[in-house]
Every structure is written in C-alpha cells, then in structure tokens.
Amino acid sequence: MANASPDWTTRLAAFDRRWLFLIMGFAIVLPLLRPCGIPVVPTPMVRAAYSQVEALKENDVVFLSLDLDPASTPELEPFYKAVMLHLKRKNVKIVIATTWYSAPPLVESWIRSGLETQLIPEGDKSYKGAKDRVYKKNVDYVYLGFREGKTATIANMGADLRKTFDGRANDGTLLDNIPFMSGIKALKDFKLSILISAGSPGAKEYVQYVQARYGLKMIASCTAVLLTDLAPYYQSGQLLGVVGGLVSAAEYEVLVGRNGSAIKGADVLNFGHMVVVLAIILGNIIYFVGRRARRASGRAVPQPKGAA
C-alpha cells in the first residue's frame, strides 16, 4: 500500500546517526568523570610480570628502557607509574636509558613525575600499601640518556653498558662515583630488565639481540597493537611477563593496589566497546526483522549500496 505508514524497523533504520555519536560521547566522558569500577581480573601474563618485580630484594638494581614517544603516553604511562610505585616500595635501584631519539624530553618528564615526586600523596587514605618516597638522582636512580644506533646500541649495552655511555650518566656524573653502580658493567649484571616499548627498537629487539645471548631476565610493557608480537616471547620464556595496552596496565594497578588512570581508561574502553557491540546487534535486528516484514507484505527489499 502506497500510503501505509512505515513500520518501526523502517523508522529506526532512518534515524539520525548523530545520536550514536552522542551516545558514544557519553560512554567515554561519564566513566572518566565518575569511574564505575568494573572488576578487572589480572591475566597470567600480567601476574607473571608482577611476580618478577615482587621477587626483587632491597637494593637490587634493575634496568629500565623507555623506548617510546608522546603518542604512546596514554597507553604506557599508567604502567610506568604503577611499576615505579612497585619498585620504590621494594627500595630497588633503577638505571634508565632510551634508544629513541624523540624520547628524552618525555623520559625526563616521567622521571620528575614518577621518581622525584611521590606518586602517593601524603594522607591518601585510599592507599593501603607500603609508603611511597622520593627517589634521588645518582643515589636511587641513574639516567643514562639516549644513544643513537638502535639495535647496535642494544647489542653494545649487552656487551658493555659503561662503554656505550662513555662511563657517565646523562648529567655527566661518572658511573664509578655512583655507589650502587659498582659491579654493573653490562645488562647481564641487572637483576631484571623492564622494557616499556611503543615500537622498534624496543622489547622485541632486546629479546632478539641480547636476551638469549646473555640469558637476561626481562619483562615488557607495550601498546596493545604490539602485544601479538611479544606474546610468543612470553610463551617461549624469553619474556617473563608482558603488560600489553591500557587494560593490562589496569590489571597491574589492581595487583599493586593503587587505582590509577588505567582503571579509569579500562572503564572507558569497556563502555565504548559496549556501545559499539550493542549498535551492531541492534542494527542487525532492525535489518533482518525489517526484511522479513517487507517480504511478508510484498514490498521491495532494499539492496545494500554497490550490490549488483
């Protein structure tokens, strides 16, 4: 019937798509303003990474490679802060370097905010763990800085860390004048290497060039898109734990006992994905129910654009 009013499926199929964008906007903004606390259950790879840090003893020295850029900050900084809190609680010494020429300004900013500043403000009653404290440069941590060379730099650090950085910290201090650096000559002298990577060179190259050669203990954190590259190294035992992407960083925050930006981000991802899934399900229901109704009434079934 030419004058028949559209059925409900036709009306819904023609609704303004901008409503979807608005709903997605609310799904992203509201969890940021008011976190929902959707339960986060740590996966075995994240638990394994946590266990390696937890096994460290007071005054052990770990190597931290920050191979990243500002674009990867939202995914990687939450894990950095969580693992820094974990290391500081264990009173572990830290040696920091990077193989990315664009990383030093970001790394120095992270050092100021994660090591030289308390991550847990005094009087924070929501935190139940061991007390946080400020780390001092060349006393509790050393920043070696950046060396060009990519994979060659990684291989050189595996053979002779001091020679790679001319025996000096980034501020010019002789490594020989830093007490906790005595006995640290190469990567094999660290109790653990923690690799936070946004691409190449990064954790993958550390595994390829120095892990097997020197039998190094390594854990890695990476962006979600790199997780499939690093997961085989976890399965082979070459990486002892992997924290991949924002959701895994939220899992690490749960294990450390400090809810940070990763848990808020996980809420945003969960709600955003929920909106996408519901939109797909609803769209398919509208399409197939509408097609059945139109066939039953003898009306033409519209074909997708581009169909022959």
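# Close-up views of a predicted model

View 1. S197 is buried, with a relative accessible area of 1%, where buried stands for under 20%, exposed for over 50% and partly exposed for values in between, computed with a 1.4 Å probe on protein chains only. This is a predicted model in which local features need pLDDT of at least 70 and side-chain atom pairs count only at pLDDT 80 or more, whereas totals for chains, interfaces and linings use all residues. Residues are numbered from 1 along each chain as its sequence is written, and side-chain values use heavy atoms, with hydrogens and water left out. S197 belongs to strand β4, residues 192–197; strands (E, at least two residues) and helices (H or I, at least four) are DSSP runs numbered from the N terminus. When neighbours within four places in sequence are set aside, S197 is in contact (heavy atoms within 4.5 Å) with D67, L76, G202, A203, S221, C222, T223 and L226. The side chain of S197 also reaches the backbone nitrogen of A203 at 2.8 Å.

**View 2. The cis peptide bond between S200 and P201.** S200 and P201 are joined by a cis peptide bond, with omega at about -5°. P201 is found in the loop that runs between β4 and α8 (203–214).

**View 3. The largest nonpolar core and L87.** A nonpolar core is a set of buried Ala, Val, Leu, Ile, Met, Phe, Trp, Tyr and Cys residues joined through side-chain atoms within 4.5 Å. The largest one has 47 residues, of which L87, I94, I96, I194 and Y252 touch the most other members. Helix α4 (residues 73–89) supplies the largest share of this core, eight residues. Leaving aside neighbours within four places in sequence, L87 is in contact with V53, L56, V62, V92, I94, Y135 and I194. Apart from this core lies another, of 33 residues, among them V95, M157, L161 and L195.

**View 4. The second largest pocket.** A pocket is defined on a 1 Å grid over the protein atoms alone, as an open set of points where a 1.4 Å probe fits, with protein on both sides within 12 Å along at least five of seven lines, and its lining residues have an atom within 4 Å of a point. The second largest pocket has a volume of about 210 Å³, the volume being the space filled by probe spheres set on points that are joined across faces, edges and corners. Its lining consists of P78, K81, A82, L85, L119, I120, E253, V256, R258, N259, G260 and S261. The elements that give two or more residues to this lining are α4 and α10 (245–256), and α4 gives the most, with four residues. The lining residues divide into six nonpolar, three polar and three charged, where Ala, Val, Leu, Ile, Met, Phe, Trp, Tyr, Cys and Pro count as nonpolar, Asp, Glu, Lys and Arg as charged, and the others, Gly among them, as polar.

View 5. N59, although not a glycine, has a positive phi of about 75°; N59 lies in the loop between α3 (44–54) and β1 (61–67) and counts as partly exposed, at 43% relative accessibility. D166, likewise a residue other than glycine, has a positive phi near 55°. D166 is placed in the loop between α7 (161–164) and β4, and counts as exposed at 58% relative accessibility.

Definitions and conventions. Polar contact = N/O pair within 3.5 Å; in protein donor to acceptor, adjacent residues only side chain to side chain.
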